[in-house]
Amino acid sequence: MKRMWRILLSTSLAAGLVMAGCSGGSGQGEAPEEYVIGAVVSKTGAASPLGEPEYNTLKLLEKQVNEQGKIKVRLVLVDDESDPQKAQEETNRLIHDENVLALIGSTTTGASLAMKGLAMENEVPLISLAASVKVVQPVEESTWVFKTPHSDEHAAERVLDWAKKNNWTKLAIIHDSNAFGTSGKEELSKLAGKYGVSIVASESYNTKDQDMTVQLTKIKNSGAQAMIVWGTNPGPAIIAKNRKALGMTMPYIGSHGIANEAFIQLAGDAAEGVVIPTGKLLFPSEIPDSDPQSKVLKEFYDQYVSVHQSEPTNFASYAYDAFHLIMDAIEQGNTTREGIRNFLENTQNWAGTTGVFNFSAKDHNGLTSETMVMAEVKGGKWVLKK
């Protein structure tokens with residue numbers, strides 16, 4: 001598998017590249033000096049625990065590629081401040097003012113959906129870093145849009161499979177009312193019957209709410225055997241604290257939206273025992289060498305820690321995979337927007353940090369639930385459940 005030390009174009013290949021989406025290049029037949037890629041992430045605002053590691057990763061990868069010196073990438077990286085409207089405005093600027101070859105982003109489902117319309121309208125390949133299956137479905141309306149995170153459908157399957165293994169047949173859901181939370185609730189409700197599970201209570205909260213005691217009290221009295229919390233920080237951490245204050249012993253199953261250290265820091269000791277579906281980057285040393293993701297997981301983990309003195313998260317892995325998919329497309333001579341789109345749609349057995357991707361004309365996510373694992377907070381850190 002091509003990785004970052006191999007994403008360099010040969011001299012003979014570079015000589016034939018076309019200029020679409022690139023700047024530089026002083027003469028006919030010369031290799032373009034620069035490939036312009038646009039990226040929108042939520043570095044600040046409510047989604048910053050997710051967007052900041054994505055931002056850090058993209059800056060790291062841009063630097064690594066350019067230090068190699070064989071090809072040059074200009075990454076126009078902007079912060080949407082966790083605002084879908086700003087994500088849309090920045091996407092419009094990247095397409096029309098920067099003439100980007102491809103787009104990455106954004107961090108959240110709402111912002112990604114805002115970007116999706118512009119990507120489709122202007123026929124620019126977009127790789128989203130958001131979870132909702134709605135970002136890439138229906139695929140006939142998402143022909144220019146792909147994504148690297150596991151879909152909420154995959155995460156819901158892992159959660160419900162976990163419930164089945166624990167003989168929990170009555171579950172409660174509490175979810176953020178935003179696009180991510182609502183999509184997760186819909187997937188859980190749709191799939192529950194397949195796993196012999198009944199949803200006996202369903203509550204929602206607003207992203208900026210500071211207390212969910214009322215909703216949790218209803219869930220406590222619902223007869224549910226376990227509670228599923230679908231959202232991203234800080235809401236799930238507040239729910240963990242409220243749950244502890246209410247003396248609830250009902251198991252807490254979170255979404256992959258809290259697969260980071262920020263959740264543990266925000267929830268404190270109330271995080272203990274929380275279980276989630278997640279990618280494998282949280283514990284690369286525990287992944288066996290026989291796993292096709294093992295090498296790239298360990299390499300990226302070490303690189304990120306050496307630069308940032310902190311651990312990467314699954315959200316960093318989403319950005320890593322998106323960037324390298326585009327670089328691999330360029331390396332193989334796909335230097336037009338359409339060429340990158342076609343490359344992505346036909347990529348098979350591509351081992352990334354999130355999973356092994358198998359894209360197709362019918363699947364622009366390319367992942368399955370089998371590449372997710374279950375993790376639990378033990379002793380203040382995420383531990384792989386085996």
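Reader: Which elements do the buried residues of helix 8 pack against?

Author: In this predicted model, the buried residues of helix 8 pack against strand 7 (170-176), strand 8 (198-205), helix 7 (213-220), strand 9 (226-230), strand 10 (252-254) and helix 9 (261-267).

Reader: What makes helix 8 largely enclosed by the rest of the structure?

Author: Helix 8 covers residues 235-245, and eight of its 11 residues are buried, so the helix is largely enclosed. Buried here means under 20% relative accessible area. Among the residues that pass are Gly 235, Pro 236, Ile 238, Asn 242 and Arg 243.

Reader: What is found at the two ends of helix 8?

Author: Pro 234 sits in the loop between strand 9 and helix 8, and a cis peptide bond with omega of about 10° joins Asn 233 to Pro 234. Just after the helix, Gly 247 has a positive phi of about 70°.

Reader: Where else is there a cis peptide bond, and what is its omega?

Author: Gly 105 and Ser 106 are joined by a cis bond, with omega of about -10°. Ser 106 belongs to the loop between strand 4 (102-105) and helix 4 (109-122). Such bonds deserve a mention because most peptide bonds are trans.

Reader: Why is Ser 82 called partly exposed?

Author: Its relative accessibility is 21%. The buried class stops under 20% and the exposed class starts over 50%, so Ser 82, at 21%, counts as partly exposed. This serine lies in the loop between strand 3 (73-79) and helix 3 (84-96).

Reader: Why is Gln 309 called exposed?

Author: Exposed means over 50%, and Gln 309 has 61% relative accessibility, so it counts as exposed. Gln 309 is in the loop between helix 10 and helix 11 (314-331), and its phi is positive, about 55°, although it is not a glycine.

Reader: How do you know whether Tyr 301 is buried or exposed?

Author: Tyr 301 has a relative accessible area of 16%, so it counts as buried by the under 20% rule. This tyrosine is part of helix 10 (residues 294-308). Leaving aside neighbours within four places in sequence, Tyr 301 contacts Leu 281, Pro 284, Glu 311 and Pro 312.

Reader: How do you know that the span of helix 2 agrees with its number of residues?

Author: Helix 2 runs over residues 48-68, which makes 21 residues; at 1.5 Å a residue they should span 30 Å. The end C-alpha atoms are 30 Å apart, so the two values agree. Gly 69 follows helix 2 with a positive phi near 85°.

Reader: And what makes the radius of gyration of the chain agree with that of a compact globule?

Author: For 386 residues, a compact globule would have a radius near 21 Å; the chain has 21 Å, so they agree. Along its principal axes, the C-alpha trace spans about 75 × 40 × 35 Å. As for burial, 58% of the 386 residues count as buried. The chain exposes about 14900 Å², with 47% of that supplied by carbon and sulfur atoms.

Notes:
Residues are numbered from 1 along each chain as its sequence is written. This is a predicted model: local features need pLDDT of at least 70, side-chain atom pairs count only at pLDDT 80 or more; totals for chains, interfaces and linings use all residues. Side-chain values use heavy atoms; hydrogens and water are left out. The radius of gyration is taken over C-alpha atoms; the globule rule is 2.2 Å times the number of residues to the power 0.38. Buried means under 20% relative accessible area, exposed over 50%, partly exposed in between (1.4 Å probe, protein chains only). Accessible areas come from the Shrake-Rupley method with a 1.4 Å probe; for residues, only the protein chains shown count as cover. Helices (H or I, at least four residues) and strands (E, at least two) are DSSP runs, numbered from the N terminus. Contact means heavy atoms within 4.5 Å. The expected span of a helix is 1.5 Å times one less than its number of residues.
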